[in-house]
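Thanks, everyone. Please look at the screen, and I'll walk you through a few spots.

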Amino acid sequence: MASVSWFCYLHTRPTARDFTASAGDKGLLPSITVENHKKTSYSLSSTEEGYAVNRRQIILHTAVATFAVPAIVPNALAVNDVSEDIRDYTDDVNKFKITIPQEWQVGTGEPNGFKSVTAFYPKEASNSNVSVVITGLGPDFTRMESFGKVDEFAETLVSGLDRSWQRPPGVAAKLIDSKSSNGIYYIEYSLQNPGESRKHLYSAIGMASNGWYNRLYTVTGQFVEEETDKYASKIQKAVASFKFI
């Protein structure tokens, strides 16, 4: 990826050469799909990983990582009943907890370098889901403010996905809201390919150490507009429930 200064990037539109080729450059990023209700499949994107990356690259990686994850296999471990409608999922290895709908399935992917992924999705075929992607960070990133304030972070993340300025227009990304609470950045935005349904996304992004290095946790829930009534509330609550343990 080309290296561009942080503040310069915030005030200029990205060009094609600023990004590693990925699914996002071709349109709306692929969502999680359920095959036979037993596993999910994904399209891999090419991203830069490891320690020696700048803030802009990691923020863009955060957006792409939500969609660019390995194959998921069902996992019924570490799930505790809470009520008839929801349950807690606790990951004692990666030190996080999240509350999900009782009937949703859980899948985990094989770690890829410094990345691991856990996905939560309905039993029935759907474009709606919640995922937790964990990526290793370099020593320069010690807290979320290392990426800039939440509004800067959100602006960079969403503008890095937007292709509506291209001719012909590509995916349109729109920032809806951003806020920070207890060290976690919360971002709401939408993506829409020309002629296709709008996809709504809610992300909670935080940082924690595993004792050796810091890791970035990207929790993203997504649903298409026509599934708003069915999944919007469940997904918002799941993302908001994420916490470190």
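Start with serine 178. Leaving out residues up to four places away in sequence, serine 178 touches Val150, Asp151, Ala154, Tyr186 and Ile187. Keep in mind that this is a predicted model. Serine 178 sits in strand E10, residues 172-181. Is serine 178 buried or exposed? Its relative accessible area is 16%. The cut-off for buried is under 20%, so serine 178 counts as buried. Now look at aspartate 151. Its side chain and that of serine 178 are joined by a polar contact of 2.8 Å.

Next, the largest nonpolar core. How many residues does it have? It has 24. Phe96, Ile98, Phe120 and Val130 have the most contacts inside it. Two or more residues each come from strands E6, E9, E11, E12 and E13, and from helix H4. Which of them gives the most? That is H4, with 5 residues.

Zoom in on valine 130. Setting aside neighbours within four places in sequence, its contacts include Ile98, Phe120, Trp104 and Val219. Ile235, Ala238 and Val239 are also among them.

Let's finish on isoleucine 205. It lies in strand E12, residues 199-209. Isoleucine 205 is buried, at a relative accessible area of 0%. In soluble globular proteins, nonpolar side chains tend to be buried together. And how far is isoleucine 205 from isoleucine 187? Their C-alpha atoms are separated by 8.2 Å, with the two residues 18 apart along the chain.

Conventions:
Residues numbered from 1 in each chain as written. Predicted model: local features only at pLDDT ≥ 70, side-chain atom pairs only at ≥ 80, totals over all residues. Heavy atoms only, no water. Helix = DSSP H or I, 4+ residues; strand = E, 2+ residues; numbered from the N terminus. Buried < 20%, exposed > 50% of the residue type's maximum accessible area, 1.4 Å probe, protein only. Polar contact = N/O pair within 3.5 Å; in protein donor to acceptor, adjacent residues only side chain to side chain. Contact = heavy atoms within 4.5 Å. Core = buried A, V, L, I, M, F, W, Y, C linked by side-chain atoms within 4.5 Å.
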